[in-house]
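Hi,

Here is the structure I promised to pass on to you. Please have a look, and then read on for what turned up in it.

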Amino acid sequence: MGQEDLMNTAEDVADQFLRVTKQYLPHLARLCLISTFLEDGIRMWFQWNEQRDYIEATWSCGYFLATCFVLLNLVGQLGGCVLILSRNFVQYACFGLFGIIALQTVAYSILWDLKFLMRNLALGGGLLLLLAESRSEGKSMFAGVPSMGESSPKQYMQLGGRVLLVLMFMTLLHFDSNFFSILQNMVGTALIILVAIGFKTKLAALTLVVWLLAINVYFNAFWSVPAYKPMHDFLKYDFFQTTSVIGGLLLVVALGPGGVSMDEKKKEW
């Protein structure tokens with residue numbers, strides 16, 4: 001079997017998977033995508049005092065403002081998740097969660113930690129894809145803005161979402177000299193590039209979902225660490241952030257790459 005035959009077989013398997021899961025995949029993608037906001041909102045409730053004291057001590061903003069910060073995070077994240085899952089006011093919910101990401105990036109000094117900043121940007125990419133999914137072709141919140149060629153704002157959102165999702169995988173690269181790490185980096189980078197440029201997008205995104213799921217369960221197994229240890233919370237945070245990016249990739253699989261991609265351009269050639 002030649003390389004082209006192997007690729008065609010893999011695409012047929014991916015298409016068959018999509019046909020079987022077509023009705024459920026978007027719902028699963030949305031649930032995965034909002035999982036980190038859901039977990040963080042619940043954590044704000046159970047760690048109310050710790051979170052408030054941390055913000056008060058870090059920013060010297062006083063008891064009242066620190067309490068408002070925790071309350072905003074709790075209500076904003078849980079409320080946004082409920083709206084997205086119920087398919088009500090999804091665009092407003094996405095904008096609210098964008099605001100939560102920006103607020104936390106500053107409040108927790110993520111801006112100066114490149115790894116966590118890239119992961120937050122990847123999370124924003126997932127929200128962009130969710131925003132694109134919620135838009136109908138006929139109704140645009142950018143009404144009156146001239147379109148560029150045949151591409152709508154939705155398609156540029158899909159492009160932006162795909163590119164930002166790439167940042168998550170850049171944080172997973174291991175710069176070791178052993179064979180397995182080099183092979184993992186090469187394969188992962190190739191798949192990342194395919195998703196970013198929109199070439200063989202559904203197959204590449206589906207492969208990345210499987211790969212990322214395996215890495216997430218293996219490396220971020222927070223359930224194996226006692227809850228009283230700090231590592232438990234770190235692994236739990238990483239697990240749900242990675243799960244959200246998996247949700248973004250599942251949206252890419254379900255929706256396709258959009259008009260600004262090589263897959264769409266190939267149809268014109």
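In this predicted model, the structure holds 11 aromatic pairs. One of them joins Phe89 and Tyr92, a tilted pair with 6.3 Å centre to centre and 55 degrees between the planes. Both of these residues, Phe89 and Tyr92, are exposed.

Phe95 and Phe98 also pair up: their ring centres are 6.5 Å apart and their planes stand at 40 degrees, so this pair is tilted. Both residues belong to helix α5 (residues 90–107), where they sit 3 residues apart, about one turn of the helix. Phe95 has a relative accessible area of 41% and is partly exposed; Phe98 is partly exposed too, with a relative accessible area of 24%.

There is also one aromatic cluster, formed by Phe222, Trp223, Phe239 and Phe240. Phe240 turns up again in helix α10, among the residues that meet helix α2.

That brings me to the helix packing. The axes of α2 (residues 25–46) and α10 (residues 230–255) come within 7 Å and cross at roughly 155 degrees. Angles over 145 degrees count as roughly antiparallel, and α2 and α10 are therefore roughly antiparallel to each other. Their crossing is left-handed.

On the α2 side, the residues in contact include Leu25, Pro26, Cys32 and Glu39; on the α10 side, they include Lys236, Gly247, Gly248 and Leu251. The residues of this contact divide into 12 nonpolar, 7 polar and 2 charged.

Happy to talk any of this through.

Best wishes

Key:
Residues numbered from 1 in each chain as written. Predicted model: local features only at pLDDT ≥ 70, side-chain atom pairs only at ≥ 80, totals over all residues. Heavy atoms only, no water. Axes fitted to C-alpha atoms, helices over the stretch in contact; angles between N-to-C directions. Helix = DSSP H or I, 4+ residues; strand = E, 2+ residues; numbered from the N terminus. Parallel < 35°, antiparallel > 145°, perpendicular 65-115°, else oblique. Left-handed = near helix turned anticlockwise from the far one by under 90°. Contact = heavy atoms within 4.5 Å. Nonpolar A, V, L, I, M, F, W, Y, C, P; charged D, E, K, R; others polar. Phe/Tyr/Trp six-rings, centres within 6.5 Å; stacked < 30°, edge-to-face > 60°. Buried < 20%, exposed > 50% of the residue type's maximum accessible area, 1.4 Å probe, protein only.
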